[in-house]
Amino acid sequence: MVRCFLIHTVCPVSALGPGESRVLYSRVFGPDESIVSEQNRGLNPEERRLLQKEKVAVVARQVRSAVSLSREASGRPLVETVPGEEALALQEADSGVVRLRAGDPFNEEMSALWLGVQSLGFTLVCESYENLLLAEGTLRNLTRHCLEHLHMLGQGSEVLLRSSRVDTLLSRLLPHGQLLFLNHRFAQSLEKEVAAYMAK
Amino acid sequence: MYSHGSESLIKQAREIQDSELQKFYSRLTKLLQGKELGHETVDSLQRLLLILSATKYTKTLPPELQKRIFSLLSSSAEQLQVLSSAVLRETLPLSGQDVNYNKENVSLMNSHAAALLLSQAGSRADLSSLCAQLLRGLDGRQLEGSAHSLTHTLPILNTILTHSPESLTEDHVTLLSKKLVDWLRYASITQGGGASSGGFFTGPRSRQPVPIAELDGTVSGDFFTVLCVGQGFTEDQWMNVYSFSMLRHWLLAYHSVSNGNTTAETDDRSEVDGSVVSMVSATSSSSRLLPPKERLREKAFQYCQRLIEQSDRKAHKRIDTDLQKACLVEAVCILDCVCEEDTSLVFRTFPCIKALFGRLSSDLSFARVLLPIAQFYLHHGETAAVDCESVWNLVFGRFPAELFNDHFLAHELLRFLRQNLESLQLRVPHYTRSFPNLLKLLAWDSPAVVDDFVDLLPSLVTSGTAVELLHTLLDLPCLSATLVLQLRSACLPISDTGGRPLLSLDAFRSPSYRGLFLFLLRGEAGSGDTIDRLSTLHELLAEAADWPRVVQCAQTVPVLLHIFFNTVLTVADDKLLAHLILVMLERSSLLLNIPKYIQEIHRVFSCHLLRLCKLHPSLVVDQSHELLEFSGATANVYSKEDVYTHVVWVLGEYLSVSCDSRCSVRLITSCFETLEAVLFEITSSAPPPGALCPAPRVVTTLMSALAKLASRSHDLIPRVSLFLSKLKTVTRGGSVPWCTDEEDLVAIVTRGEELWSLLKAPGVAQSVLTPPPHVTMPQWHRDTNVATPLRLRALTSLTQSQ
């Protein structure tokens, strides 16, 4: 299962101060893990929510440093793309995976798959037994749809103002965090549904 | 991307004033009271979502508004369902809210409402009741045949199984196992939806069912799987996809469900499953008589066999080719899982796994599929008495050697090693030998995999590998640079001099240095601990010292060295430890020239030299010759201050009869003379050109070491005293060429005076400078014969009696 999906900044951008980063979208699937953990069982809903937000922030930070180290090591210049060049942006994206040790921040060990598209990171946190080949394909597919349907290569703020579109995408392509084995025909039929939704 | 506009939206959302927020709430409540919910409502809901989610502090909605939003969950417009679910996930549940909801028919609940229910579950009990209701829905609706709304049920159940397997009962497992068998094995084999085989004149009524197709376009002759395509899909075909997607986790986890809550007939061996199914493939009648779990295993086995066969077909689309690989991974993992449970399946499975390995092993683009195959061999190779040699040659040989730059493979390979560490150490001799190859993964992408190596490194340290491993770790930055060169050399033609030419690349290609680089790139340990011409290699790679990849790699080495030394203490004998001390002395001047790296490595060496000698003081006498040689070289004072200081300290501290009876007066005298000469040299002249003044710590350590040695051999006392008094006289003038800082000089002189006065009373000096063990490790509190505990006890009893 996938534990969460998030979109966040991964490198310094002009809109933010140095060292600052923002989580633009995050979706944690399933029940909160603290309700079944011995350690955190006594938390009230408000504290649970706070803990969950902090966990997401930890993932975003870890991925952010992974992306910047990976970019530094590869020495490849970032390719700037404009709206309409989503396929190119995706092709030029860096990718990688971060091991999240048990307890840091989730109770069990997780793998955080990330895709860095210019200043933004798209991250899937998967259970450690998960089929990463499938997860990688799903992440690429999700990222492409986000870039296209929320016009993320442009200057707009649709990811903040139309975040329900991401929810809808996730409900089709990653329902409740379940990675799906979709061949191109299944994928097409889901994409049709998504397109119909976005057209409204 | 992220613009100033977006940032200001987040700021506004976070800083919104309460009065403004209340106004916004009431406006939205009014909007929601209206009959038509238009764009404005949707927009406002979206804004509300932004306000709620932009901060980590929870905001509470007015109850009226919350109720209104809650009712949108069952709206007919999906957009409103999505938004209301998202908004409510960011707020606290209204008391009684979910209870109300549970009373409705959960099976009618849409996916977005279910997501809310799941995210707001407050306890295992909540999950249990949700689970029970979903399963009831699953059971009850089979006759209505509208499976589409059921699709979200399986992922939710899988989520609950992940978080809280105790929430499912044995009955649930039985029920769901049966369902999964149906969906997996008996989904329709004709295309769903608008598929038509007819021509122009055939009306909808005369539509013939069109069989599903394989990925290569041929008509499918067997049961439906996720690798089958059609123009459209029926609902049970969708369920097939969902079922297969959750199958592995289900097989892995259904053991952990609670066993307490079973009804009488869980062992329904005699039950004949009577579900309505399409019976295309001949099913063995015997499997119909199996209990549900075993039947599911059998069907999973068949499904995976079919997937493996289907993956050999040529897919037309890239996405399908990728899916075939992902399916192979999943199929092999599932087969592994069912074989773990039922060893009799091992013999039926191995031929297929072997054939798959044979088919894929020469093509490294299938490396990530080959890893689960290796896992299968590791788990079951012994049972089936299969030769695994070629599998390990691939996993420990070609994978790290040729695919070191594939992040995902590196992650998966290291995860595989971590998870199977014990059995690999036991059964796969290749494992420890392959460390030069495995370390390529670390050299290439240090930050990403260092965490894995922190866990793995101890298993690679054995008495046989320790010395070579230490050398390899020290040369890890060189390996990193060499891997960069190897890749560049492969992709740049030799004539290409575009950009700045790399001297190291020329060296890499030159036959005269071939041996050096080949040694670094070796795949297995055992061809010698290191090479003679290391310094040449370091010169050739000098320009790599500021390559980011090399620098990142160099930063991880100290961490790993600490782990190495901590582990080596547990496996090494005295001989090996002595060898390691020599390696440290030798390698302290043989490192790739990255200034910070050298400094860090010296620090690690110093720390562990001290620990080794503390634990095994006789090592100092054993290695006195080499230690003296090292400490006698004045140049080391300037270039290896840290290591030098510690060597001197170790000599002064442990060269004593009380540590090792072999320590003769001659040895002490010769050590004394060596250190004396160095101290004299560095305090009588300015440092050599280019070097800084010797650190005050070196000077004081040398003085203390001399005093310690003299206290053990009293003939030497006059010589130290003479030196110390001279030092005092010389520095009376104020400045000396070997120490520019006045405070430092004062400290040095004070130390000299202290030692001088101490040495005036040799008996006292000896007990202060070489205290007997009972002084350094006092145990008075334990010794009942000494006076202190007695007095303490008496005092205690006095005070307590009052």
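## Salt bridges across the structure

Counted over all chains, this structure holds 56 salt bridges. A salt bridge here is a side-chain nitrogen of Lys or Arg within 4 Å of a carboxyl oxygen of Asp or Glu. Side chains of opposite charge can pair when their charged atoms come close.

This is a predicted model, in which local features need pLDDT of at least 70 and side-chain atom pairs count only at pLDDT 80 or more, while totals for chains, interfaces and linings use all residues. Residues are numbered from 1 along each chain as its sequence is written, chains are lettered from A and ligands numbered from 1 in the order in which they are written, and side-chain values use heavy atoms, with hydrogens and water left out.

## A bridge between two chains

Which residue of chain B forms a salt bridge with Arg172(A)? The partner is Glu78(B), and the closest N and O atoms are 2.7 Å apart. Arg172(A) sits in helix 5 (residues 163-173) of chain A, while Glu78(B) sits in helix 5 (residues 78-89) of chain B, so this pair joins two chains. Helices (H or I, at least four residues) are DSSP runs numbered from the N terminus, as are strands (E, at least two).

Are these two partners buried or exposed? Arg172(A) is buried, with a relative accessible area of 14%, and Glu78(B) is buried as well, at 16%. Buried means under 20% relative accessible area, exposed means over 50%, and partly exposed lies in between (1.4 Å probe, protein chains only).

## Bridges within chain B

Now for a pair inside one chain. Glu641(B) forms a salt bridge with Arg697(B), with 3.7 Å between the closest N and O atoms. Glu641(B) belongs to helix 33 (residues 641-654) and Arg697(B) to helix 35 (residues 696-712) of chain B, so the pair ties together parts that are 56 residues apart in sequence. Glu641(B) is partly exposed, with a relative accessible area of 30%, and Arg697(B) is partly exposed too, at 39%.

Arg719(B) and Glu673(B) also meet through their side chains in a salt bridge (3.5 Å, N to O). This pair links distant parts of the chain: Arg719(B) is in helix 36 (residues 717-731) and Glu673(B) in helix 34 (residues 665-682) of chain B, 46 residues apart. Both count as partly exposed, Arg719(B) at 32% relative accessibility and Glu673(B) at 38%.

## A network of charges

Some salt bridges join up into a network. One such network links Arg99(A), Arg101(A) and Glu109(A) with Arg418(B), Asp451(B), Asp452(B) and Asp455(B).

## Cysteines without partners

How many disulfides does the structure hold over all chains? The count is zero, where a disulfide is a pair of cysteine sulfur atoms within 2.5 Å. Cys4(A) is in no disulfide, and its nearest cysteine sulfur, in Cys126(A), is 9.3 Å away. Cys4(A) counts as buried, at 1% relative accessibility.

Cys11(A) is buried, with a relative accessible area of 16%.

## A glycine and an annotated region

Gly5(B) lies in helix 1 (residues 4-15) of chain B and is partly exposed, with a relative accessible area of 35%. Gly5(B) and Thr174(B) are 169 residues apart in sequence and 54 Å apart in space, C-alpha to C-alpha.

According to an unreviewed UniProt entry, the annotation "domain: AP-5 complex subunit zeta-1 ARM repeats" covers residues 323-440 of chain B. UniProt positions are given in the numbering used here, feature names are shortened, and annotations may be inferred rather than shown by experiment. Over residues 323-440, chain B is 81% helix and 0% strand, and the end C-alpha atoms are 29 Å apart.
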